Amino acid sequence: MGGVYTTPKLDPIVMRDLPRDAAVRSIELIEEHDLVAWLYTDTVWYVQDPKGAHVDRESRTVGFGPEVTSDYSAYVAQTAKIVGVSDDLEAVAACEKKVQQELGDHVSAARSQPYYLDITHPAANKGSVVDFLSAVYLIPSSNIVTLGDMPNDVLMFKKSGMSIAMGNASKEVQAEANFVTASNEEEGFAQAIERFVLN
């Protein structure tokens, strides 16, 4: 999400932590909407229930398991990302709107999956990743292509020269992209590269 940039050996080189007060309030809003909060620092992922919804899936995705704690207060001053988790998708969407309304000047809040609400530093989002890579590798952002399927991908669509939405993306996400490819179950990524990038 752009909150932490690391070397290939995972040594942090740039960190954009959430402001402490915004992190505390984000957790409160997550709990008020009956979501479960996860907290990430630069190198550690914390949960309160290791058997909670989607913990196993996230462990496989990020390649490591969480640390378990009953209290996040010791970590909120060094928080790179907070995730609100629930299978009540309407509650996740409602929480996203509330966090954006109340904390929009202090955080970036967007769903990375229908059941995940990612809350990061305002400059820690996928759009900022495009800016960062453009600056580090001296590639004009107009020469960068982005592909995505979730609402948090729209910020990188706006920063890149070409944006491609996956066919499984919502109509709202597709409307923000230059092109739409097939779904991820139909090799949409490969089709996008062949049709729009290499052609």
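Modeller: A salt bridge is a side-chain nitrogen of Lys or Arg within 4 Å of a carboxyl oxygen of Asp or Glu. The structure above is a predicted model, in which local features need pLDDT of at least 70 and side-chain atom pairs count only at pLDDT 80 or more, while totals for chains, interfaces and linings use all residues. Residues are numbered from 1 along each chain as its sequence is written, and side-chain values use heavy atoms, with hydrogens and water left out.

Colleague: How many salt bridges does this rule give?

Modeller: The count comes to eight. One of them joins the side chains of Glu28 and Arg25, with 3.0 Å from N to O.

Colleague: Is Glu28 buried, partly exposed or exposed?

Modeller: The general idea is to sort residues by relative accessible area: buried is under 20%, exposed is over 50%, and partly exposed is in between (1.4 Å probe, protein chains only). Glu28 has 35% relative accessibility, so it counts as partly exposed.

Colleague: With which residue does Lys98 form a salt bridge?

Modeller: The partner of Lys98 is Glu102, and their closest N and O atoms are 3.9 Å apart. Both residues sit in helix α3, where a spacing of four residues is about one turn of the helix. Lys98 has a relative accessible area of 34% and is therefore partly exposed. Glu102, at 35% relative accessibility, is also partly exposed.

Colleague: Which residue meets Lys159 in a salt bridge?

Modeller: Lys159 pairs with Asp131, the closest N and O atoms being 3.0 Å apart. Lys159 is in helix α5 (residues 154–159) and Asp131 in helix α4 (residues 126–137), so this pair ties together parts that are 28 residues apart in sequence. Lys159 is partly exposed at 37% relative accessible area, and Asp131 is partly exposed at 34%.

Colleague: Let us turn to the strands. In what order do the six strands of the open sheet stand?

Modeller: Two strands pair if DSSP finds at least two bridges between them. The six strands follow the order β5-β4-β3-β6-β8-β7, and the pairing is mixed. Strands β5 and β7 are the edges, as each pairs on one side only.

Colleague: How many bridges join β7 to β8?

Modeller: Five bridges link strand β7 (residues 108–113) to strand β8 (residues 116–120), and the two run antiparallel. Among the partners, Ser108 is bridged to Thr120 in β8, and Gln113 to Tyr116 in β8. A hairpin of two residues connects β7 to β8.

Colleague: Which strands form the open sheet with parallel pairing?

Modeller: The three strands have the order β9-β10-β11. The edge strands here are β9 and β11 (179–180), each of which pairs on one side only. Strand β9 (residues 145–148) pairs with β10 in the parallel sense over four bridges. Within that pairing, Thr146 stands opposite Ser163 in β10, and Gly148 has Ala165 of β10 as its bridge partner.

Colleague: Where are Asp87 and Ala74 placed?

Modeller: Both are in loops. Asp87 is in the loop between β6 (81–85) and α3 (89–103), and it is exposed because its relative accessible area is 54%. Ala74 is in the loop between β5 (67–68) and β6, and Ala74 is exposed at 59%.

Colleague: How far apart are Ala74 and Cys95 in sequence and in space?

Modeller: The separation is 21 residues in sequence and 24 Å in space, taken from C-alpha to C-alpha.
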